[in-house]
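Open the model in your viewer and keep the selection panel at hand. The stops below go from an annotated range to single residues.

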Amino acid sequence: MQGKKVALLTGVTGQDGAYLTELLLSKGYEVHGIKRRSSLFNTDRIDHLYQDPHDSNKNFFLHYGDLTDSTNLIRIIQQVQPDEIYNLGAMSHVKVSFDTPEYTANADGIGTLRILEAVRLLGLTKKTRIYQASTSELYGLVQAVPQSETTPFYPRSPYAVAKLYGYWITVNYREAYDMYACNGILFNHESPLRGETFVTRKITRAVAKIAMNLQDKLFLGNLNAERDWGHAKDYVEAMYLILQQDTPEDFVIATGVTTRVREFVRMAFAEVGIEVEFRGEGVDEKGYVISCSKPEYQVAEGTEVVAVDPKYFRPTEVELLIGDPTKSKEKLGWVPKYDLQGLVKEMVAADVELFQREKLLKASGYSIKNQFE
Ligand code: NDP
Ligand code: GDR
């Protein structure tokens, strides 16, 4: 009988790392994650999976490491001897990649090479399957829609260019060394665990705070960008399925539905009973409250709750993403369980709960943390 499978995740402390760890543990895997050393605790998303180090049945382990350190990666992979590696670690913020382009190339691009090369050098090419977290950002400037596995790439940020290298080096190692290495080209996926500075979470947090009078206004960049948003829980299922096929292939994972940022804003406010209408043009466009139907939230009609701040514009933008998930449906049997409405509902509810707690703390004399973006 085959023993339990062993998985190694980079990016275990991120949104996807947390959901994928839960999924793999539920399937009986032994899971190893690489976390970065940080001056503060950075394991909030996986704290509920903590196991006592002295527990002999322990099946979740963390290792210090970094995608910019190849000797560290080689040592961990040698020690863990994984059946599957999910390379989720990355500097994943598109706007920030314009500020840190060299680091982004190193972690997101060369980091992928380091993983592939470590597996090859350690003679694990027949044992270890590799999932590479590729992205719809590869499509960048629109060439054709909906975007599928055969749509040409035109990356529009240092992040996307770094991920382009990660994509092709994964394909190259598969072809050159007969490795089981695959790209999941995932479109945007969100959840209550989403990083606070990505647009969906920024919106749902602001909606909760505005409803509770903890914030006056939400400042955003491009309200017209269109994204194919899914739920991270559905998308980690797809990652797992991609590594269970007979032959290694690349897959687009998307819902096939695209929505404007402004519509996400409207839907999120609607969850707390606030109807918002946009008026004005370009950088002068603003969102105003038309009505507030929930008595527990007192936001006056006519209040300006959304405004545009050009500091959130990107030097080069990706205006439209809409994925074609036909191949993943047919070959993986992957069908998302969540739609956008369900996702927005869950995210707003989680942030309302979060800020109800913070409001209680504030009432007891504690200060609410400042958030830098
Ligand atoms: P997050 O930003 O939530 O998580 C990124 C993870 O990578 C964190 O654990 C972070 O650690 C870690 N990390 C960052 N830099 C390094 C480094 N140098 N070495 C090791 N680890 C590092 O991203 P998501 O979970 O949303 O995304 C997972 C992956 O999927 C990323 O590669 C992202 O680019 C890609 N992707 C995401 C999509 C999405 O919509 N979410 C869509 C398509 C692709 P720390 O917690 O310490 O910061
Ligand atoms: P994205 O996600 O760049 O698609 O990358 P993000 O949520 O940052 O932006 C989506 C769109 O919203 C517009 N936008 C704003 N974005 C942010 N962050 N903040 C704002 O205030 C704001 N206002 C408008 C953006 O311009 C953009 O058009 C995410 C990341 O998870 C990547 O790692 C991943 O590869 C892709 O999704 C698929």
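UniProt positions are given here in the numbering used for this chain, feature names are shortened, and an annotation may be inferred rather than shown by experiment. The model itself is predicted.

Start by selecting residues 8–347, the range that UniProt lists in an unreviewed entry as "domain: NAD(P)-binding". Over this range the chain is 35% helix and 19% strand. Its end C-alpha atoms are 28 Å apart.

Next, select Ile-130, Met-239 and Ile-253. These residues have the most contacts inside the largest nonpolar core, which has 64 residues. Another core, of 29 residues, lies apart from it; Ile-210, Val-272, Val-308 and Leu-343 are among its members.

Go back to Met-239. What is Met-239 in contact with, leaving aside neighbours within four places in sequence? The partners are Leu-20, Tyr-86, Tyr-131 and Gly-184.

Now show helix 2 (residues 70–80) together with helix 4 (residues 101–121). They pack at an angle of about 50°, with their axes 9 Å apart, and are therefore oblique to each other. The crossing is right-handed. On helix 2 the contact is made by Ser-70, Leu-73, Ile-74 and Ile-77; on helix 4, by Arg-114, Ile-115, Ala-118, Val-119 and Leu-121.

Finish at Ser-293, in the loop between strand 14 (286–292) and strand 15 (304–308). Is Ser-293 buried or exposed? Ser-293 has 10 other C-beta atoms within 10 Å, so it is exposed. Draw a C-alpha to C-alpha distance from Ser-293 to Pro-158: the two are 44 Å apart in space and 135 residues apart in sequence.

Definitions and conventions
Residues are numbered from 1 along each chain as its sequence is written. Chains are lettered from A and ligands numbered from 1 in the order in which they are written. This is a predicted model: local features need pLDDT of at least 70, side-chain atom pairs count only at pLDDT 80 or more; totals for chains, interfaces and linings use all residues. A nonpolar core is a set of buried Ala, Val, Leu, Ile, Met, Phe, Trp, Tyr and Cys residues joined through C-beta atoms within 7 Å. A residue is buried if 20 or more other C-beta atoms lie within 10 Å of its own, exposed if 12 or fewer, and partly exposed in between; C-beta atoms are placed from the backbone. Two residues are in contact if their C-beta atoms, placed from the backbone, lie within 7 Å. Helices (H or I, at least four residues) and strands (E, at least two) are DSSP runs, numbered from the N terminus. Axes are lines fitted to C-alpha atoms, for helices over the stretch in contact, and angles run from 0 to 180 degrees between N-to-C directions. Angles under 35 degrees count as roughly parallel, over 145 as roughly antiparallel, 65 to 115 as roughly perpendicular and the rest as oblique. A crossing is left-handed if the near helix is turned anticlockwise from the far one by less than a right angle, and right-handed if clockwise.
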